[in-house]
Amino acid sequence: MVSLRIWLTVTVAALGLARDAVRAQTVSVMVQAIPLVTRADPTATRSALTEGYLTQPVVMAHAWYGPLQAIGTLNLEGLTLQRGELTTGGYGEGYVDRRHPHAYVHELLVGAAGTAAGFGASIFAGRGFAPFGSDDPMVRPFEKYPVNHHLAQVLERVVVVGAVRRGPVIAEVGTFNGDEPTGPGSVPKFSRVGDSWASRLTLLPLAGIELSASLAHVTSPEIPQGHGLDQRKGSVVARYAHASRTSSRYALVEWEQTGERDRGVLITKLQSVLAEGAYCRAGASLAARIERTDRPEEEPLLDPFRTPRPPPDLSNLGESRWTTLTVSLAAPPTRAWFVTGQPFVEVARLAVAPGDPAGIFNSGLRYGTDRMWMFSAGVRLWAGMMHGRMGRYGVAETDAPMQMAMGTPSHAAESDTMPDMPGMTHDVQMATSPRISLISSCGP
Amino acid sequence: MRTLKPLFVAPLAATFVLLAACGDSTGPRAADTTSLKPASCSGINLGPKPAPLTLSQTTPAAMRVLGSGAETARYTAEIAVRSPTAYTTTWGVRSVQGNKVNIWDVSGNTPTLVDSVIVAASTTTGDVAVSDDGKLLVVATEFSPGSIVLYDLTDPRKPALVRRFSNDETAPGVHTAEIARINGKLYAFLAIDPGAGRLSRLVTVDITDPRNPQQVYETVTGNPYVHDTYARDGLLFVALWNDGMQIWDIGGCGTGASPEAPKVLGTVKTANGEVHNIWWYHDASGSKRYAFVGEEGAGTIGNSSRGDIHVVDITDPTQPKEIAFYHVDGAGTHNFSVDEANGVLYAAYYNGGVRAIDVRGDLGTCTAAQQDVNAVLNLTRCNLRLMGRELAVGLLDQNRQVYVWGVQYLGGNVYASDMLNGIWKLAAAK
């Protein structure tokens, strides 16, 4: 038990030398998986389907050595979710009405952060998130991903991300390869690194409040060879998070737009508006999300949940517009040995309508209706301290104070082990502390 | 109505002076009757240079619709007609997946559905062709498992399955399958979709014995797609998307090349790329100097499309050159068929219906006012619309949305496959 804890969260200071004399090393590892049952009624088969999975099986590891940091997230959905997870309205990477399995190497980055003259700065490189949009849905208070996942995040790219922070202002810029993964084990096109870019400006006007705007230009995401449609993306996000020792509150409102362009000519414009919030007290939490998102329609394969990748040409079948209300209720977590489990249920009511342009999309032909339900029940299992805020690196991480209060109690003191960096301000120190998830329990 | 005013005056330079001075639609032209056997391909006689021809610009006429046959359960795709029977394939998933080939009696004005064939394990039967002897029907299937399906047409109204050909090369999906006879053998040229971790490729299959088709050649090509081919007289024209149009010798040049061992003669990158389909035009005078190239830009099926027709001069097959284009605002071209005796190109134009274009004579000579200069590409081209060559438009007067995939001219009629509605029969443009 003791050794396991050491494996999960290891702080080795000095290794026999005085702590003050050397740079401390910190390693934080978290393991998560969610046994889940989902019923989609109806779905792309024009009938109801009920399926079970082990979803979001991930191993997250963060390590620090002085100003250096390494981040790794191993996502094993390629082993447990090869057919995709029933997610009506969801799409991307050759899946439709199912969420695709993510790449095994979800994140693998190294970087460094430091301060000088009141500025904090960091640079990270590796595979991970481009500085665009909102946090990865995996670290938000719902199991089901929103329809807008591919509008609101750009991930699993080979990125170089630089960030500068002064007081309440953070500026990030990154360059990366435009090609999205073609499968869990696919290797990015390293020759395309640098063909796409993203930038994000974040303002922290008040404690717990974060405002950000970001832009991205993604070259040919769907055709690895290039010459596909390019995407110009914009995002505005307002986020609020507050926590005390017994409760926490969270809210997020975002607007996204992606324009798909053929040789610079706008072909398809996809927009999304999403609002979500969560309240957690004494370990139990209630969350709700509403979104309206445009989805590009593609030619299906024999399997109605799959579309050809790469697509056989540059045209689409039109757009559908999804309005989704999701409510999630999670019970207080319980802990057995080193594993924490938190049961939850999620219910989603979905409506789909023709988008603009509708093309040949017809909800009656695809689903037999324009109203659907999704019911999900599962248990979020984790060991170690939950990591969070996926999508920001170095000094761009913003809400360590709030997260600390929501963090798993057994590791609440971990921030104390973080070594101070010479000349570092309190803000910057927070930005380089461990990322602890919003979805871990609140309260004692 | 079009007006034809061919004049024969000697010096070409004087023509431009005259045109500039008068702003009229006439000009002196002297036809070059010299035949051309290019050094790079002496086996092919490209014939004389197309005769000069000047037209005045007029409002395109409406093509007269003779009748239609409905298909509303599936989206209709390509069409092949061997009178009095037409075959239309189907695409994607409507209320039912596109796994059916419809067989129509087109002897009357109104096409009548007489039978159909279901092709198992396919969502799209995107391309269809009938062999030159009328004995074989070839259907391409997408997606995985991509294949070609060969049917015996002893009874043209009752195709009988002979063999389905697929292998690891065709697995991602066969987008098109063009067939041609070369040195007595019948070949199918398959444009293969890219797949997960696989690049697009061209596969050649010897289907002389349809019970025992043999793959004789394959190569990775296209950037990122190879969408179509056009084979004629031992040349193969390959549509390589952003790598342009490529001309292959597959036996016509007399250099020893063959379908099993093709040789690349030349390549041209047409403006905007996205080269989708090709027609090598043999005009009534024997001139074979032009290839028409279809550009398939991005669009929304049922609503919009983009892409021009590009005219490529292949007088030097090693250095083909784009000389003219045809553009429709708000619509893009798809497949072609040419009435070569009368010099009329019919183009499926998706939401733009059917377009009939006068392609007689010299397409590369025009006035400055009829030119389009692309400084970026260092390319000056004639605009066929401004040259008065837009003859007629079809199907836009039917009070319903159309999305035309393919056309075929045959015997004074034009047959059009419409993704949304089925098959149309129109009278040819006058």
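Visitor: What makes B:I192 in β14(B) the bridge partner of B:V174?

Guide: In this predicted model, B:V174 is bridged to B:I192 of β14(B). Residues are numbered from 1 along each chain as written, and chains are lettered from A in the order written. Local features here need pLDDT of at least 70, and side-chain atom pairs count only at pLDDT 80 or more, while totals for chains, interfaces and linings use all residues.

Visitor: How do you know that β13(B) and β14(B) pair?

Guide: Strands are DSSP runs (E, at least two residues), numbered from the N terminus. Two of them pair if DSSP finds at least two bridges between them. β13(B) and β14(B) have eight bridges and run antiparallel, so by that definition they pair. They form a hairpin with two residues between them, and B:N183 in the turn has a positive phi of about 50 degrees.

Visitor: Why is strand β13 of chain B called largely enclosed?

Guide: A residue is buried if 20 or more other C-beta atoms, placed from the backbone, lie within 10 Å of its own; 12 or fewer means exposed, and in between is partly exposed. Eight of the nine residues in β13 (residues 174-182) are buried, so the rest of the structure largely encloses this strand.

Visitor: What makes a set of residues the largest nonpolar core?

Guide: A nonpolar core joins buried Ala, Val, Leu, Ile, Met, Phe, Trp, Tyr and Cys residues through C-beta atoms within 7 Å. The largest has 128 residues, and B:I148 and B:L190 are among those with the most contacts inside it. Strand β14 (residues 185-192) of chain B gives the most, with seven residues. A second, separate core of 25 residues includes A:W197.

Conventions
Helix = DSSP H or I, 4+ residues; strand = E, 2+ residues; numbered from the N terminus.
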